[in-house]
Amino acid sequence: MLSNQTVEILKSLDKKEMKKFGIFLKSPYFNTSEQIVKIFLIAQKTYPDFSDNSLDYEKVFKKLYPTEKYTEPRIKNLYSDFGNLLRKFIGYEQLSLNSEDLDVKIADGLGKKNLNRISNKLILKSLNENDDGTLSIPEKFHFQYRMNVNFIHNLGFLREYMSPEYIKWDIALTEKLTIFFLSNLLQISFFDALNHKTFPRGENTILKEIRNSMDIEKILKYMEMTNHEYASYLKIQYLFFYYTENNVTEENYLELKKEILKTIHKVQKLDQIQFISRIIPIIFTKLIPVDKKYHKEILDFAKLFQELKIYPDADIQPFAVGLFRDIFTAAIILNEDEWAENFIEEFSNYLNKDLKDNAINYCIGVMHFRKGNYEKSLNSLNNVKIYDVVEKINIRFYYLVNYIELKAYESAFAALNSIRQFYNESKEIPEMFKTRIEISLKFFNEIIKCEEKGEKIDDFIYQEAIEAKRYVHVQYILEKMEKLL
């Protein structure tokens, strides 16, 4: 049989790609083995599952060599060559789809053949044709920087070291590298700070030392004073990192929001995704605990995300499940149920295919709960395969509230104890969640006891719930307590 990896790659090909792979194998430039073409024709008949036993070693060997004695190493080697050519096909497809990478290789090849002037003409033409006017560093840098390097090398081989053109391109090369370095330093610092805050671990000391040796705020001020095109872009990256480690006032938030709205239409899709996916957690963790009005800010950014028409796009990473969940949660809290359902229908299509069903089942489970369909809610939640700690927390609490509404108090207490046990024993719960869970468990315990016994809840417990502000299912708990007063 074909290897598991080969089958997995084959399954990822659509019919058009499968046909192109066949053409690729028939080209003597890539493949000179007629036997591998025959293996492809056999495999093609088993599309799209590739699970047919016609791909068994002995059966294929007999079709390839009907008069020869079966030798397993021979067919295994052919299958290995087939798999390697499949991987090369994937690579060449990406190269053919990315004209920028292809131009870099052509420019490089021309330079190595001492065709330096021809190479530079190609570079100028390619840079002009691929300039869409956006600022984004991650996708553009690798293309532009390599082209700049080739251009300068070509000028060097032509012995034009001191020409105005060489100096201009050398300065441009240095600037691109500096902007790329600063952007990546800030982005890596952001992720390091976020991961350290969420899941405490050893500190990245070299990153910290390099960052602390630089006066980044001074650099940003210089860029603002000189009206540098990347001033706002880098300021946004810096503020994302800074506010991960520090508190955010309303004034701070409005400053960051202003920069994002000013810049987001000037950057490529990947940066648009990052801007919104990073501002939303800041709103959730830094601002909403202070004032619930900021839930609307999340929905406003979600609507901006829709307006940007980032998806569908085959070159863009799948829509992040965490961002999907945060936007959905904000919409639910704001009672924007219809918008939330439309959001699920549209954006679930862009989630990672392995996580899509999970996300949909979770959201549908929540929507059923809100509509009073508690049994259906439990059924949907039962279909969720739990992967991360946030899902474990959310699912357990939704089991709990469903049981309360069904008046299944024994099951509700069991769910409550399950959460308490998870809270006491789990080492994976981020610190930011622990206090919120502990407070909720206390209030849910009081609600279940009062409902089961038909008693009223003590007023001081209700007041405590109002003052506590930040805990899991705060809105639900307050509404239940109001009915029990």
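Guide: This is a predicted model. A place to begin is Phe21, which is buried, as is Phe89.

Visitor: How are the rings of Phe21 and Phe89 arranged as an aromatic pair?
Guide: The pair is tilted, with 5.2 Å from centre to centre and 45° between the planes. Phe21 belongs to helix α2 (residues 15–26) and Phe89 to helix α5 (residues 72–97), so the pair ties together parts that are 68 residues apart in sequence.

Visitor: Which aromatic cluster do they belong to?
Guide: One cluster is formed by Phe21, Phe24, Tyr29, Phe30, Phe40, Phe82, Phe89 and Tyr92.

Visitor: How many aromatic pairs are there?
Guide: The count comes to 43 aromatic pairs.

Visitor: What about Phe319 and Phe343, what sort of pair is that?
Guide: Their planes are at 70° and their ring centres 6.3 Å apart, so the pair is edge-to-face. The angle decides the label because planes over 60 degrees apart count as edge-to-face. Phe319 sits in the loop between α15 (295–307) and α16, while Phe343 is in helix α17, so this pair ties together parts 24 residues apart in sequence.

Visitor: Are those two buried or exposed?
Guide: Phe319 is buried, and Phe343 is buried too.

Visitor: Which residues touch the most other members of the largest nonpolar core?
Guide: Phe319, Phe328, Leu400 and Ile437 do, in a core of 110 residues. Leaving out residues up to four places away in sequence, Phe328 touches Ala340, Phe343, Ile344, Tyr362, Cys363, Val366 and Met367.

Visitor: How many residues are in the other core?
Guide: That core lies apart and has 27 residues, among them Leu10, Leu25, Ala43 and Phe82.

Visitor: Which residues of α18 are buried, and what do they pack against?
Guide: The buried ones include Asn358, Tyr362, Cys363, Val366, Met367 and Phe369. The buried residues of α18 pack against α16 (321–333), α17 (337–347), α19 (374–382), α20 (389–405) and α24 (474–484).

Visitor: What is there at the start of α18, and just after it?
Guide: At the start, a side-chain oxygen of Asn352 comes to within 2.7 Å of the backbone nitrogen of Asp354. Just after the helix, Gly372 has a positive phi of about 85°.

Visitor: You listed α24 there. What does Gln475 touch?
Guide: Gln475 is in helix α24. Not counting residues up to four places away in sequence, Gln475 touches Ile333 and Asn335. Gln475 and Ile333 are 142 residues apart in sequence, yet their C-alpha atoms are 8.0 Å apart in space. With a relative accessibility of 32%, Gln475 counts as partly exposed.

Visitor: New topic. Where is Ser119, and what does its side chain contact?
Guide: Ser119 is in helix α7. Its side chain makes a polar contact with the side chain of Asn154, at 2.9 Å. Ser119 is buried, with a relative accessible area of 0%.

Visitor: And Asn116, what does that touch?
Guide: Asn116 is also found in helix α7 (residues 116–129). Residues up to four places away in sequence aside, Asn116 touches Leu110, Gly111, Asn154, Phe157 and Leu158. It counts as buried, at 6% relative accessibility.

Visitor: Now the loops. Which peptide bonds are cis?
Guide: The bond from Tyr47 to Pro48 is cis, with omega near 10°. Pro48 is in the loop between α3 (34–44) and α4 (57–64). Another cis bond joins Tyr311 and Pro312, with omega about 0°. Pro312 is in the loop between α15 and α16.

Visitor: Which residues have a positive phi without being glycine?
Guide: Asn114 is one of them, with phi of about 65°, and Asn227 has a phi near 55°. Asn114 is in the loop between α6 (99–112) and α7, and Asn227 is in the loop between α11 (216–225) and α12 (231–245).

Visitor: Buried or exposed?
Guide: Asn114 counts as exposed at 61% relative accessibility, and Asn227 counts as exposed at 68%.

Conventions: Residues are numbered from 1 along each chain as its sequence is written. This is a predicted model: local features need pLDDT of at least 70, side-chain atom pairs count only at pLDDT 80 or more; totals for chains, interfaces and linings use all residues. Side-chain values use heavy atoms; hydrogens and water are left out. Buried means under 20% relative accessible area, exposed over 50%, partly exposed in between (1.4 Å probe, protein chains only). Helices (H or I, at least four residues) and strands (E, at least two) are DSSP runs, numbered from the N terminus. Contact means heavy atoms within 4.5 Å. A polar contact is a pair of N or O atoms within 3.5 Å; within protein, one must be able to donate a hydrogen and the other to accept it, and residues adjacent in sequence count only if both atoms are side-chain atoms. Rings of Phe, Tyr and Trp (its six-membered ring) pair if their centres lie within 6.5 Å; planes under 30 degrees apart count as stacked, over 60 as edge-to-face and the rest as tilted. A nonpolar core is a set of buried Ala, Val, Leu, Ile, Met, Phe, Trp, Tyr and Cys residues joined through side-chain atoms within 4.5 Å.
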